Amino acid sequence: MDRGSIRAVRTPATARFLPAVERADWERALKILDENWVEIWFAIDPTDLRSLVGAAPPDLLCSLDGASYVARATGHGAVDDLLEPHAVPGRDATPGELIRYIADLRLRGRPVEALAQVRRSQELVRAQRGGLLDGSGGTVAMWLVQAAITALLAGDASTARGFFLTACDAHRPDRFPFVVREATAKLALTHALSGDVREAAHLNDRARSLPRTESWVEAMVDDTIWLTDYICAVDTLDPSAEELRQARPSPLAHRELWPIALQAHVRHLVLTGRRRRAEELCDTVAAAVPPSAGSEGLLATALPDARTLIKLHGVHPSDLDGNAAHTDVSVLAHAVHLFASGQYRAVMQVELRAPRDERCRRALALLRAQATIADGRPAEGRHLLLQTVHEVLERRTYGTLRYLTRETLESIADTDDGARAIALVESAALPSVEVRAVLAAPLSEAEIDVLRLLRDGLTREEMATRLFLSVNTVKTQLRSAYRKLGVNRRPEALEKLALLEL
């Protein structure tokens with residue numbers, strides 16, 4: 001292969017590796033690759049690296065750990081042992097070995113397990129960090145970026161933010177010259193994911209201004225910058241969001257970050273009244289990324305959360321299970337269900353224990369403020385309402401205004417923030433929440449089950465058979481459900497059910 005046609009960043013290792021390849025000095029070339037494979041992996045375009053490694057003698061490839069790994073990962077040699085990560089690195093492991101291990105786990109859908117390994121090895125890396133951030137040419141900075149991506153996909157944005165911040169101080173290391181730009185772009189994405197649009201936009205501009213290298217990683221950095229731009233445009237109701245979406249219509253184009261991209265796409269489509277298109281997108285992603293029993297973090301919750309966002313007003317806790325029942329989105333969906341059914345005191349009891357997405361926290365605060373007003377405490381509710389609306393406008397997550405009713409917006413039209421909120425909602429034609437019906441008390445899961453069968457036209461006897469209950473039990477549950485709905489007859493109950501979208 002013509003060395004001049006190889007797409008590579010000049011680093012200390014590639015400056016030695018490529019001349020050895022050109023001379024066909026495979027013993028030296030593979031030794032350099034074995035000792036510096038992380039650096040070379042990110043410096044040379046994968047297609048070119050595959051061609052280079054494929055020309056090496058197979059017996060030499062199999063004799064070296066790092067070189068053999070690169071060969072198998074690029075399509076040469078046995079790949080069976082790539083199905084599982086290498087053995088857990090010991091106390092003497094190098095940052096490069098730690099990078100490979102946590103990346104292997106993460107790429108196999110296990111970011112939570114990978115993050116546990118990150119935390120176990122954190123003391124080791126911290127002990128080396130003093131001299132290595134300047135003296136290692138960026139190996140520790142690379143570890144920090146990989147650790148941060150792992151934390152992000154595990155759902156721990158706070159930890160990810162800390163790792164990315166530290167990596168941004170690496171001062172363009174010679175072995176991984178792209179790492180500061182990558183860390184800055186992903187730090188911006190972390191802020192966007194958490195609902196801090198202002199800081200996300202600022203950091204994204206900084207990432208754009210940093211010099212590019214020839215590394216193939218730069219294309220992924222560009223994708224990250226695009227994704228942050230898209231999230232910011234969606235949150236700020238900027239019309240450019242549609243142009244950005246059409247430029248990259250598939251969340252799967254973002255490889256590891258597809259769960260974040262999916263959320264952005266679905267939020268955009270829902271805010272612009274295209275729920276059916278959002279459902280089709282979820283179906284497409286589900287077909288391309290079949291659920292795995294071992295999936296963790298955002299990889300496990302992205303699709304359920306996206307589907308919950310689409311049908312936010314009609315989601316009941318009984319519809320959710322597993323990991324999806326405890327995410328910020330599912331808790332918010334529960335609050336919306338309670339609010340839409342007039343269960344105001346129950347809304348005020350809903351809490352996000354440790355919110356990862358500030359949009360959800362602000363949305364819940366808006367619902368609780370409105371519930372407080374409806375429950376007979378107008379002064380307290382209005383104070384919380386105006387405080388939260390101001391925060392939404394300050395942080396520029398304007399889409400969160402969809403959690404206000406039309407009546408609530410009109411009630412704050414006499415304030416500057418209220419007038420601005422109304423203008424935003426009207427210009428973007430945002431959907432709004434509404435109280436569809438007022439229940440005397442929350443419906444239990446058992447009562448919802450019989451009501452759904454009632455809606456399907458089953459008789460009490462048929463319900464009893466379907467639910468493995470006695471007819472008397474079904475009658476009791478229906479009687480209780482009717483009381484909570486405030487109805488006396490089946491047609492009235494069905495009408496109320498339609499309003500509640502249960």
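Trainee: How many salt bridges does the count come to?

Mentor: The model is predicted, and the count in it comes to 29 salt bridges.

Trainee: Which residue does Arg-108 meet in a salt bridge?

Mentor: The side chain of Arg-108 meets that of Asp-104, at 3.7 Å from N to O.

Trainee: Is Asp-104 buried or exposed?

Mentor: Asp-104 is buried, because its relative accessible area is 4% and the cut-off is under 20%. Arg-108 has a relative accessible area of 26% and is partly exposed.

Trainee: And what does Glu-113 meet in a salt bridge?

Mentor: Its partner is Arg-110, with 3.1 Å from N to O. Here Arg-110 counts as buried at 18% relative accessibility, while Glu-113 counts as partly exposed at 33%.

Trainee: Next, Asp-156. How far apart are the closest N and O atoms in its salt bridge with Arg-119?

Mentor: They are 2.6 Å apart. This pair links distant parts of the chain, 37 residues apart. Asp-156 sits in the loop between helix H9 (139-154) and helix H10 (157-167), and Arg-119 belongs to helix H8 (residues 111-135).

Trainee: What is the relative accessible area of Arg-119?

Mentor: For Arg-119 the value is 43%, which makes that residue partly exposed.

Trainee: Which residues are linked in a network of salt bridges?

Mentor: Arg-181, Arg-212, Glu-218 and Asp-222 are linked in one.

Trainee: Switching to rings. How many aromatic pairs are there?

Mentor: The count comes to eight aromatic pairs. In one of them, Phe-42 and Trp-216 have ring centres 6.0 Å apart and planes at 10 degrees, so the pair is stacked.

Trainee: What parts does that pair tie together?

Mentor: Phe-42 lies in helix H3 (residues 37-43), and Trp-216 lies in the loop between helix H12 (197-209) and helix H13 (217-235), so the pair ties together parts 174 residues apart in sequence. Phe-42 counts as buried, at 13% relative accessibility.

Trainee: And Phe-176 with Phe-178, why is that pair edge-to-face?

Mentor: Their planes stand at 90 degrees, with ring centres 6.3 Å apart, so the pair is edge-to-face; the cut-off for that class is over 60 degrees. Phe-176 and Phe-178 are both buried.

Trainee: Which residues do ring pairs link into a cluster?

Mentor: Phe-42, Phe-176, Phe-178 and Trp-216 are linked into a cluster by ring pairs.

Trainee: Now the overall picture. How many helices and strands does the protein have?

Mentor: There are 27 helices and zero strands. Of the 502 residues in the protein, 54% are buried.

Trainee: What share of the contacts is between residues 24 or more positions apart?

Mentor: Such residues account for 66% of the contacts with a separation of 6 or more. The accessible surface comes to about 22,100 Å², and 51% of that surface belongs to carbon and sulfur atoms.

Trainee: Let's take a single helix. What span does H23 reach?

Mentor: Helix H23 (residues 416-428) has 13 residues and reaches 19 Å from first C-alpha to last, close to the expected 18 Å.

Trainee: Which residues of H23 are buried?

Mentor: Gly-418, Ala-421, Ile-422, Leu-424 and Val-425 are buried. They cover an arc of only 165 degrees around the axis, which puts them on the same side of H23. The face turned away from that buried side carries the exposed residues Asp-416, Glu-426 and Ser-427.

Trainee: What covers the buried residues of H23?

Mentor: The cover includes helix H21 (378-395) and helix H22 (406-411).

Trainee: And what follows H23?

Mentor: Ala-429 does, and its phi is positive, near 50 degrees.

Trainee: One more helix, H16. Which of its residues are buried?

Mentor: In H16, Ala-278, Leu-281, Cys-282 and Val-285 are buried. Their arc around the axis is only 100 degrees, which puts them on the same side of H16. They pack against helix H15 (258-271) and helix H17 (297-310).

Trainee: What exposed residues does the face turned away carry?

Mentor: On H16 that face carries Arg-276 and Ala-287. As for its span, H16 (residues 275-288) has 14 residues and reaches 20 Å, close to the 20 Å expected.

Definitions and conventions:
Residues numbered from 1 in each chain as written. Predicted model: local features only at pLDDT ≥ 70, side-chain atom pairs only at ≥ 80, totals over all residues. Heavy atoms only, no water. Helix = DSSP H or I, 4+ residues; strand = E, 2+ residues; numbered from the N terminus. Expected span 1.5 Å × (residues − 1). Buried < 20%, exposed > 50% of the residue type's maximum accessible area, 1.4 Å probe, protein only. Arc of directions from axis to C-beta. Contact = heavy atoms within 4.5 Å. Salt bridge = Lys/Arg side-chain N within 4 Å of Asp/Glu carboxyl O. Areas by Shrake-Rupley, 256 points an atom, 1.4 Å probe, with all protein chains shown as cover. Phe/Tyr/Trp six-rings, centres within 6.5 Å; stacked < 30°, edge-to-face > 60°.
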